[in-house]
Amino acid sequence: MAYKVKRVRLETSEQDKKILDSQSRIANHLYNTQREEVVGEFDYFDEHGVNKEFNPFNETQLRNQVTKLKLIHPFYKTLH
């Protein structure tokens, strides 16, 4: 199945550029934080043979982890 891609030029003000850049940085930080936690959980489960059925890459598990991270790190609440 082939997908057609259409590029649209986004014209923004300097303020919009700063907001988009800020959101991008926060989203990247959230991704890296979440990835570190998932790798840590896999290592723990491998070492202790605990909960082999847990899949931290499951969509529901990742979404639940974001909610927890937003409680710990309030600046993630700016992401929607």
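Which residues does V66 touch, not counting residues up to four places away in sequence?

**Before you start**

This is a predicted model, in which local features need pLDDT of at least 70 and side-chain atom pairs count only at pLDDT 80 or more, while totals for chains, interfaces and linings use all residues. Residues are numbered from 1 along each chain as its sequence is written, and side-chain values use heavy atoms, with hydrogens and water left out.

**The whole chain**

Show the cartoon first. The protein has 2 helices and 0 strands; helices (H or I, at least four residues) and strands (E, at least two) are DSSP runs, numbered from the N terminus. Now colour by accessibility: of the 80 residues, 16% count as buried. Here buried means under 20% relative accessible area, exposed means over 50%, and partly exposed lies in between, with a 1.4 Å probe and protein chains only. Among contacts between residues at least 6 apart in sequence, 53% join residues at least 24 apart, where a contact means heavy atoms within 4.5 Å.

**Stop 1: along helix α1**

Select residues 14-48, which make up helix α1. Next, pick out I26, L30, T33, Q34, V38 and F45, which are buried residues of α1. Just after the helix, stop at G49, which takes a positive phi of about 60 degrees.

**Stop 2: two salt bridges**

Side chains of opposite charge can pair when their charged atoms come close. The structure holds 2 salt bridges, each being a side-chain nitrogen of Lys or Arg within 4 Å of a carboxyl oxygen of Asp or Glu.

Select E14 and K17 for one of them: the closest N and O atoms are 3.6 Å apart. Both residues lie in α1, 3 residues apart, about one turn of the helix. E14 is exposed at 54% relative accessibility, and K17 is partly exposed at 43%.

Then move to D21 and R25, whose side chains meet at 2.9 Å, N to O. These two also lie in α1, 4 residues apart, again about one turn. D21 is partly exposed at 37%, whereas R25 is exposed at 57%. An α-helix has 3.6 residues a turn, so residues three or four places apart point the same way.

**Stop 3: T33**

Stay in α1 and centre on T33. T33 is buried, with 15% relative accessibility. Its side chain reaches the backbone oxygen of H29 at 2.8 Å. Leaving out residues up to four places away in sequence, T33 touches L69 and Y76.

**Stop 4: the core and V66**

Now show side chains for I26, L30, V66, L69, Y76 and L79, the 6 residues of the largest nonpolar core. Such a core is a set of buried Ala, Val, Leu, Ile, Met, Phe, Trp, Tyr and Cys residues joined through side-chain atoms within 4.5 Å. The elements giving two or more residues to this core are α1 and α2 (59-72).

Here is the opening answer: V66 touches L30 and Q34, with residues up to four places away in sequence not counted. Select Q65 as well, in helix α2, which is buried at 7% relative accessible area. The C-alpha atoms of Q65 and Q34 are separated by 7.5 Å, although the two are 31 residues apart along the chain.

**Stop 5**

Still in α2, click on T67; it is partly exposed at 48%. Draw a line from its C-alpha atom to that of K77, 10 residues apart along the chain, and the separation is 9.0 Å.

Finish at the rings. Rings of Phe, Tyr and Trp (its six-membered ring) pair if their centres lie within 6.5 Å; planes under 30 degrees apart count as stacked, over 60 as edge-to-face and the rest as tilted. By this rule there is 1 aromatic pair. F75 and Y76 form it, tilted, at 4.6 Å centre to centre with 50 degrees between the planes.

Key: A polar contact is a pair of N or O atoms within 3.5 Å; within protein, one must be able to donate a hydrogen and the other to accept it, and residues adjacent in sequence count only if both atoms are side-chain atoms.
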